[in-house]
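Colleague: Could we go through this model together, one question at a time? I would like each answer to end on the value or name I ask for.

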Amino acid sequence: MELAGITKRFPGVVANHDIHLTVRRGTVHALCGENGAGKSTLMKILYGMQKPDEGTITLDGEQVSLNSPADAISRGIGMVHQHFMLADNLTVLENVVLGAEKLHGIGNKARAKIKEISDAYGLGVRPDVLVEDLGVADRQRVEILKVLYRGARTLILDEPTAVLVPQEVDALFDNLRELKSEGLTVIFISHKLGEVLSVADDITVIRRGTTVGTAIPSETTPKQLAELMVGEELPSPETRESTVTDVPMLTVDGLHLSATDSDGVVRAVLDGISFTIHKGEVLGLAGVEGNGQAELVEAIMGMRRPDGGTVTLDGEDITQTPTRKRRESGIGYVPEDRHRHGLLLEAPLWENRILGHVTEKPNSKRGLLDLKAARNDTERIVREYDVRTPGIEVTAASLSGGNQQKLIVGREMSHEPKLLIAAHPTRGVDVGAQAQIWDQIREARREGLAVLLISADLDELIGLSDTLRVMFRGRLVADADPATITPEELGSAMTGAASGHLEHQEETPAEESAEAPGEENTTDNETPEGGDSK
Amino acid sequence: MKTFDKNKLILAVAAPVLAIVTALVITSAIIGATGKDPFHAFQVMLDFGSKSDSQVWIINKATPYYLSALAVAIGFRMNLFNIGVDGQYRIAAFFAAVVGGALTLPGIIQIPLIILVAMAVGAIWAGIAGLLKTTRNVNEVISTIMLNAIGASVIGYLLQDGRLAEKEGNLIHTPYLPDSAHFFEIPTQPKPVYGFVVIAALAGVAYWYVLSRTRFGFDLRTVGRSESAAQASGVNVKRMVVTSMVLSGAMAGLVGMPTLLGVSYNYGTDFPTGIGFTGIAIALLGRNNPVGMALAALLWGFLERTGTQLEFEGYAQEIVGVMQGVIVLCVVIAYEVVRRYGLKAQQRKVGEELAAQARKSDKAEVSA
C-alpha cells in the first residue's frame, strides 16, 4: 500500500500536507505523531471517510480512489475506531453480523465463522455474551473481529491503546503479532513511543500534518523518535517543587451514589469516596474510564445528587448547594467532554466565554449582560491563552479541539478559582497547547489553587500530581507517591489487581518484567522540561 | 472581522430570499397545474393586498398572530415545542372575558386586570405541561395537545346559558365587557387599527430584550442550545423548563386580547380558534426573530386577505393554504441548508486563515 502526496485541507485543524506513506504487506506499521498532527485525518482518507484534495492512493500496485468506507472494506481495508461502535444490548455475534448479514447469515454459520477467526488469531471472543458485559479490552477484540469478519486484510487501529491499561496493551500486541504472522497488515496509530517501538516493524512519523521521516524500531531510541515527532525537545508534565499546604480546600467524605443501569439494576457508582485536597495541591485520579470518575466530578459540581456523604469547599458544606452557587464560590471546571459540557458549539466565542459564569463579572451587572465587557474579556483570553482564531465572533465549532480547550481553560482560570476540576485537560490537544495548559495548572497551583486532575494519560497524571489515587469500580482502592511510581504499577491498581498504598518496587516482580512500553514511557518523563511556549 | 459580518449578513438574507423564490416557483407550478395563470394570480393578490382597507385588515389580523408566534418562539428558543398555545389563549381569553364581564371598574384598572387574568390563566395552563415534563417526564408536545382538548371541553362546559354565559339569538357568549374595558383604537381609514398592536410591538421588544440582554435570557438560550452544557454551567434545567412554559403561556394569554378588547367584547362560540397553530408556522417562518416574526405575521395576514379575492377570480380556494404550507416548508429547509453551509464555510475560513498565519510564522522562523 502506498500513499503519495496526500494533501487535505480540513476546518480548524492542521491540514494534511504532502504525505508519503508506504506500508509493506504482512507488517505492523506504526504511524506516530503528536495529538493533532493529522494522523486521524490521514486514516480517515485511507478508510474512504474523507477524500484527499490532492495525492494518490495505491493498493497492490493499483491506483484506487476510495469514496466511502464501503469502498475501503471491499478492498480489504478495515478500521477499528478509537471510540467503539458496538451496540451494548446486543450479543457479540449480533454485533459482528450487523450490517454484514449477507456474508455468512446470522445463525450458526456466522457463529462458526466467528469461532474460526477468533481461534485463528487468538482473540478469545465468545460469540454469545452481551457486549455490555464485556470489558474495554474485550470490546476492542470484538471490534477487531468485526473487521476481520468482513474480510479485511489491512487493519487500521486508531489509538487502540488509549483506553487500555498497560497489561491489556501487551495482550493487544500479542494479538497484533498473531495477525501479522498470518500475513495481515496492521496500521497502528499512536503517539506513545514505547508502544510503537515494541510492536512496529516500520514507523512513519507525522508532524504538523506532513510526514517528516521513517524509522526502524531496532535502530531507534525513544528519544530520537520523540524529537522527530515534536521537532524540538519534549515538554514534560513534571512538577518540581511542592507547593502543598496543610489548608484543606476540598474535602469529600463518604460520598455515595447509586445509579440504575439500563437493565434496572441499582448499583453503586460511587462507594464511600473520601479524600481531601489542600491548597496548592494537585490530586491525580487514575482509573480506567467508566469506574466512577465522571460521576464523582458531577457530584462535586452539583450536577448529580449523591445519596450519602458530604462535600466541603473551603470550610463550607456545599453538599446541597446548586451548581451555579458552587461555581460562583470558586470551582473551575474543565469538563471531560468539552462539546457536551463545556461549549455552545454554534455560539460565538464571546458567548462561550460567558457560559458558566453568567452571573459573574465582567459578564453581567445586576441581571443584565454586559456584552461589551464580555467581548473585551474574550479578546483578552484569546490573546493571553493563545487561542488561535481570526476573531471572537466565529463559532466555537470552527476552532480546533486544542484551541477550544485553551478557551475553556482561559475562561475557568479568569475567575480565580479556589478549586479546579480538570478532567482530561489535554486530551486531543496539540503538543504546544498541552505544554501551555500544564504551565497554567502549575502556575495556579503555586498561587494556592487546589486541583482535582483526572487523566487517562498516566505520564501526565504522574508528572503533574502531588498525590495519586486510583479509582476502581466506584471506590478509591489505592494511593501512590507520584515521585516514585511507574505507569505500570499504577496500571495494575487500575485493573483492580493491586490495592492499598502502592510502593515502587525497585526490583520489578516477575510477572511485570515483560512490560517494555511503560518503562520507555518513563524515559519520556525524564527528558528535560522544555517547549514552554513563548 | 468585517468580512465575517458581511458574510453573516449575506447568509441572513440568503435564507429568506431562497425560501420565497422557491415557494413562488412551486406555487406557480401548482397554480399552473390547475390550468390557471399563476402570474395573474400574483397580480391580483398584490393589487388587492395593497388597498388601504386590506392593509388595516392585515395589520389587525397579524396582531394576534404575532403574539401567538412570540409565545411559541419562547418555547422554541429553549427547545420546547409548546403546541398548546391554541388552548392556552382560548382558556385565557374565556376567563378574562368572564372576569371582565362581571366587573365594572374604571378602564385604567379594568383593562390591565383583564389582561393580567388572561396572562395568569395562560401561564397556569402552560405551566401544567411544564410541571408534568419536569416531574413525570411527560413530553410537552403530548401534554399540551391534551391540554388543548381539555381546555376546549372546559370552555364548552362553562360556556352555556345559566352557567357563565348568556344567550343572544343563536350565539352563546359571556356577558359583554363594560364600555370602560374597550381598548383604544388607532383611527385609520376606512377602518380603525386595534390599539393592541402597540402592546404586541412592546411584547416583541420585551422578548428581544429579555432573551438577548439579560442573564435569564442567556440561561434560557443556553438550555436551548445544549442542555448538558447548560446544566454544567449551573442552570437549573428543570426550573427553566417550567419558567419558560409559564412565560410562553403568559404570552399566549395575550393572543385573544386584541379580539376580546377590540372587537367582540365577549367570549362566544364564534371566538376565533386556531391562532395558536398559525403561531407555530409564523414562529418557524420568522425564525424566532422578533422582526422576522412580525414580517411573517404580516405575510400571513396578506395571504389570507388576498386569498379570498383569488376565489372571486376563479382560483381554487385551497390555493392560499397550499402557498402557506409551501412557504413554511421552504423556509425551514432553506434555513437549515444555509445554516449548515454557513457553519462549514466558517470552519473552512477559520482553517484557511490559521493555516495562512502558521505559514507566515513558519517563514519567519526560518528566516530568523
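Colleague: In which sense do S13(A) and strand S20 of chain A pair?

Modeller: This is a predicted model, in which local features need pLDDT of at least 70 and side-chain atom pairs count only at pLDDT 80 or more, while totals for chains, interfaces and linings use all residues. Residues are numbered from 1 along each chain as its sequence is written, with chains lettered from A and ligands numbered from 1 in the order in which they are written. Strands (E, at least two residues) and helices (H or I, at least four) are DSSP runs numbered from the N terminus, and two strands pair if DSSP finds at least two bridges between them. Gly284(A) stands opposite Leu453(A) in S20(A), and over four bridges S13(A) and S20(A), residues 450-454, pair in a sense that is parallel.

Colleague: Which residue in the turn of the hairpin formed by S21(A) and S22(A) has a positive phi?

Modeller: S21(A) and S22(A), the latter covering residues 475-480, run antiparallel and are joined by five bridges, with Leu476(A) as the bridge partner of Met471(A). Two residues lie between the strands of this hairpin, and the one with a positive phi, of about 45°, is Arg473(A).

Colleague: What are the edge strands of the seven-stranded open sheet in chain A?

Modeller: The order of this sheet is S16-S19-S20-S13-S21-S22-S23, with mixed pairing. Each edge strand pairs on one side only, and the two are S16 (331-334) and S23 (500-502) of chain A.

Colleague: At about what angle does helix H18 of chain A run to S21(A)?

Modeller: Axes are lines fitted to C-alpha atoms, for helices over the stretch in contact (C-beta atoms, placed from the backbone, within 7 Å), and angles run from 0 to 180 degrees between N-to-C directions. Helix H18, residues 487-494, lies across S13, S21, S22 and S23 of chain A, and its angle to S21(A) is about 35°.

Colleague: Which strands of chain A does helix H10 lie across?

Modeller: Four strands of chain A form an open antiparallel sheet in the order S12-S11-S14-S15, whose edge strands are S12 (266-278) and S15 (316-317). Helix H10, residues 293-301, runs at about 65° to S12(A), and the strands it lies across are S11, S12 and S14 of chain A.

Colleague: How many residues of the side of chain A that touches chain B are charged?

Modeller: The contact takes 39 residues from chain A and 26 residues from chain B. Ala, Val, Leu, Ile, Met, Phe, Trp, Tyr, Cys and Pro count as nonpolar, Asp, Glu, Lys and Arg as charged, and the others, Gly among them, as polar. On the side of chain A, 20 are nonpolar and 12 polar, and the number charged is seven.

Technical notes: Two residues are in contact if their C-beta atoms, placed from the backbone, lie within 7 Å.
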